[in-house]
Amino acid sequence: MTTPPRTSHDTPRLLQGATNFRDLGGHVGQDGRRVRHHRVYRSDHLAGLTPEDQRTLQGLGLTHRIDFRGAHERATLPSELPGVTALALSIEPTVVQRVQALIAAGQVPTEAETVELMCQTYRAFASAGAPVYARFFRHVLEQPTPLVFHCTAGKDRTGFAAALLLGALGVAHDDIVHDYLLTNRLYVRSTLVEAHGPAHVMDVLWSVQPAFLEAAFATIEQEFGGLQPYLAGPMGLGPRERDRLRASLLEP
C-alpha cells in the first residue's frame with residue numbers, strides 16, 4: 001500500500017463546533033493533477049457552530065451546503081449558514097433504529113453483528129441510495145463551489161459521497177480509504193446527538209472501518225461492474241460530465 005500524501009485535512013480542527021470538518025483538496029487525481037483546495041469540504045452536522053465558526057466559514061466563501069440527514073435529524077438539529085444555500089438530499093438513518101429495536105427485543109448484537117449491520121447500510125448506499133448520490137453529483141456540477149456536504153457524524157452518508165467524488169476525480173483507492181478513515185481521528189461524538197446502547201455496539205456505530213466502505217464498493221462491483229460503470233450509469237457521469245467535474249475540481 002502506498003503512503004497517502006499529507007494534505008490539508010491532516011491539520012488540526014478548523015472549527016470549534018464541528019469536529020469532522022475538512023477540505024477534500026490535496027489528493028492526487030487523474031493524470032497526476034491534485035484535487036483543488038478550498039473548493040469542496042465535508043463535515044459532520046453544523047448545528048453547534050460558534051459565532052467564530054460562522055465567521056470562519058464565511059471566510060471560506062461557501063455558496064452551498066448539501067445535507068444528507070433525514071427529516072427528523074434536520075428538524076432536531078437545524079443547521080443554518082447565513083448566505084449559504086441549503087439543499088436537502090435526505091438519506092434516512094436506519095442502522096441505529098435497527099440496533100435499538102434489537103436491544104428492545106432483548107437481542108443485543110455482538111460487535112461482529114453490529115459491523116455486519118453497518119456493512120448492510122453501506123451496501124444500501126450503493127444500491128438503493130444511488131438516486132440520491134446522483135443528485136449530489138448533478139448539484140456539484142451545476143452549482144458554484146466552494147460547498148460543504150455533511151450528515152450527522154459526517155462519516156457514513158458523507159463518507160460514501162466523498163469516496164465517490166474522489167473516485168470520479170481519479171484519486172487512488174488507497175487515498176480514498178485514507179480520507180475515509182480520518183474520521184476516527186477527527187470525529188468526536190456530539191453531545192447534541194442522542195444515541196444510547198452497549199459500549200461495544202456504540203463504538204462500532206460511531207466509528208468507521210475499512211470493511212464498511214469496502215462493502216459498498218463490493219456492491220458496486222457486483223451489481224454494476226465496477227466504479228467507472230457505476231459513475232457512468234447510475235451517477236450520470238458520462239465522459240462529458242466527468243471532464244467538466246475534473247476541470248472544475250482538479251488543478252491544471
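In the predicted model, helix α6 passes helix α10 in a right-handed crossing. The contact is formed by Phe 160, Ala 163 and Leu 164 of α6 together with Leu 213, Ala 216, Phe 217 and Ile 220 of α10. By class, seven nonpolar residues take part in the contact of α6 with α10, with no polar and no charged residues. Helix α6 spans residues 157-168 and helix α10 residues 210-224. Their axes lie 11 Å apart, at an angle of about 55°.

Charged pairs were examined next. The count comes to eight salt bridges. One of them joins the side chains of Arg 22 and Asp 179, at 3.5 Å from N to O. This pair links distant parts of the chain, 157 residues apart: Arg 22 sits in strand β1 (residues 22-23) and Asp 179 in helix α7 (residues 173-181). Both Arg 22 and Asp 179 are buried. Arg 22, Arg 42 and Asp 179 are linked in a network of salt bridges.

Asp 67 pairs with Arg 69 in a salt bridge, with the closest N and O atoms 2.9 Å apart. Asp 67 has 3% relative accessibility and so counts as buried. Arg 69, at 1%, also counts as buried.

Arg 189 and Asp 203 form a salt bridge with a closest N and O separation of 2.7 Å. Arg 189 lies in the loop between α8 and α9, and Asp 203 in helix α9, 14 residues apart. Arg 189 is partly exposed, at 43% relative accessible area. Asp 203 is likewise partly exposed, at 44%.

Definitions and conventions
Residues numbered from 1 in each chain as written. Predicted model: local features only at pLDDT ≥ 70, side-chain atom pairs only at ≥ 80, totals over all residues. Heavy atoms only, no water. Axes fitted to C-alpha atoms, helices over the stretch in contact; angles between N-to-C directions. Helix = DSSP H or I, 4+ residues; strand = E, 2+ residues; numbered from the N terminus. Left-handed = near helix turned anticlockwise from the far one by under 90°. Contact = heavy atoms within 4.5 Å. Nonpolar A, V, L, I, M, F, W, Y, C, P; charged D, E, K, R; others polar. Salt bridge = Lys/Arg side-chain N within 4 Å of Asp/Glu carboxyl O. Buried < 20%, exposed > 50% of the residue type's maximum accessible area, 1.4 Å probe, protein only.
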